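Here's a quick briefing to read alongside the model. Have the viewer open and click along as you go.

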Amino acid sequence: MMKHLYIFSGLGVDERVFKYLDFTDFEVTFIKWVQPDANESIEDYAKRLTGQITAEKPVIVGLSFGGMMAIEITKHLPAEKVILIASAKTFKEIPFYYRWAGYLKLHKILPVKVFKQHTFINDWFFGIETKEHRKIFAEILYDLDAYFLRWAIDKILCWKNLTIPPNVIHIHGDTDRILPIHFVNADFVIKGGGHFMTVSQAKELTELLHTSIV
């Protein structure tokens with residue numbers, strides 16, 4: 001029987017970040033981000049998203065913030081496997097400087113447009129090197145919903161989770177500059193993989209996903 005994957009993309013983006021991955025052996029549902037309510041907690045938001053998951057004990061794949069959301073989802077329903085890509089399992093895997101920024105509310109001061117701008121600095125942080133990948137990244141940044149982005153950044157910086165569900169598989173790149181690998185305990189490490197490795201290291205990541213899911 002074909003396994004059903006439920007996939008959470010990154011920070012408010014859509015399935016374009018997975019366009020280079022091969023999911024032909026699986027039935028795939030890309031979870032749609034919905035507009036969060038004012039002051040909605042990440043726990044309550046995750047509970048709302050469970051309505052998009054209909055399979056019993058699904059395989060959940062989460063990229064970056066989507067991985068954190070996948071962890072929160074498992075508090076409401078059991079999963080066969082949870083596969084994290086360039087993400088964090090608990091708040092302890094979030095770099096301390098992000099957590100300090102959250103504690104000091106520094107992210108409340110910066111305008112959202114700072115996070116939506118496509119600059120060479122953003123390219124460097126995300127590990128983007130080719131013209132084609134820059135084009136994809138620029139389109140994604142342009143389409144980001146500013147309201148959702150501000151809400152999600154707050155949830156990342158103030159995340160308090162310490163619960164790791166069973167059957168978690170964590171895949172990380174060794175050159176990730178957004179969530180540096182020395183902060184996380186990864187099961188599989190992709191050499192040269194950055195935070196955009198669903199695009200830049202798609203072939204290797206596809207092979208690893210197939211091995212992990214079966």
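Let's start in a loop: Thr90 sits between strand 4 and helix 3 (96-103), where helices (H or I, at least four residues) and strands (E, at least two) are DSSP runs numbered from the N terminus. With a relative accessible area of 7%, Thr90 is buried; the cut-offs are under 20% for buried, over 50% for exposed and partly exposed in between, using a 1.4 Å probe and protein chains only. Not counting residues up to four places away in sequence, Thr90 touches Trp159, Asn161, Leu162 and Ile164, a contact being heavy atoms within 4.5 Å.

Bear in mind that this is a predicted model, so to speak of local features takes pLDDT of at least 70 and side-chain atom pairs count only at pLDDT 80 or more, while totals for chains, interfaces and linings use all residues. Residues are numbered from 1 along each chain as its sequence is written, and side-chain values use heavy atoms, with hydrogens and water left out.

- Six strands make an open sheet with parallel pairing, in the order 2-1-3-4-5-6; two strands pair if DSSP finds at least two bridges between them.
- At the edges are strand 2 (27-30) and strand 6 (188-190), each pairing on one side only.
- From one strand to the next, the twist averages 20 degrees.
- Strand 1 pairs with strand 3 (residues 59-63) in the parallel sense over four bridges, and Ile7 has Val61 in strand 3 as its bridge partner.
- Strand 4 and strand 5 also pair in the parallel sense, over four bridges; here Ile85 is partnered by Ile171 in strand 5.
- Strand 5 pairs with strand 6 in the parallel sense over three bridges, with His172 standing opposite Val189 in strand 6.

- Strand 5 is mostly covered, with six of its six residues buried.
- Val168, His170 and His172 point one way, Ile169, Ile171 and Gly173 point the other way, and all are buried.
- As background, side chains in a regular strand alternate between the two faces of the sheet.

**Leu5 in strand 1**

- Leu5 belongs to strand 1 (residues 4-8), and it counts as buried because its relative accessibility is 0%.
- Which residues does Leu5 contact, leaving aside its neighbours within four places in sequence? They are Phe23, Phe26, Glu27, Val28, Thr29, Val59 and Ile213.
- For a sense of scale, the C-alpha atoms of Leu5 and Tyr97 are separated by 33 Å, and the two residues are 92 apart along the chain.

**Helices across the sheet**

- Helix 2 (residues 65-73) lies across strand 1, strand 3, strand 4 (81-85) and strand 5 (168-173), and runs at about 145 degrees to strand 3. Axes are lines fitted to C-alpha atoms, for helices over the stretch in contact, and angles run from 0 to 180 degrees between N-to-C directions.
- Helix 9 (residues 202-213) lies across strand 1, strand 3, strand 4, strand 5 and strand 6, at about 160 degrees to strand 4.

**Helix 2 and its partners**

- Nine of the nine residues in helix 2 are buried; among them are Phe65, Met68, Met69 and Glu72.
- Those buried residues pack against strand 1, helix 1 (42-49), strand 3, strand 4, helix 7 and strand 5.
- The axes of helix 2 and helix 7 (residues 146-157) come within 11 Å and cross at roughly 65 degrees.
- That pair is therefore roughly perpendicular, a label for angles of 65 to 115 degrees.
- On the helix 2 side the meeting residues are Phe65, Met68 and Met69, and on the helix 7 side Phe148, Trp151, Ala152, Lys155 and Ile156.
- By class, that contact has seven nonpolar, no polar and one charged residues. Nonpolar covers Ala, Val, Leu, Ile, Met, Phe, Trp, Tyr, Cys and Pro, charged covers Asp, Glu, Lys and Arg, and polar takes the others, Gly among them.

- Thr50 lies in the loop between helix 1 and strand 3 and counts as buried at 17% relative accessibility.
- Leaving aside neighbours within four places in sequence, Thr50 is in contact with Ile73, His76 and Leu77.
- Lys57 is in the loop between helix 1 and strand 3, and has a positive phi of about 45 degrees although it is not a glycine.
- Asn39, in the loop between strand 2 and helix 1, has a positive phi near 65 degrees. At 77% relative accessibility, Asn39 counts as exposed.
- For context, most residues other than glycine have a negative phi.

Notes: Parallel < 35°, antiparallel > 145°, perpendicular 65-115°, else oblique.
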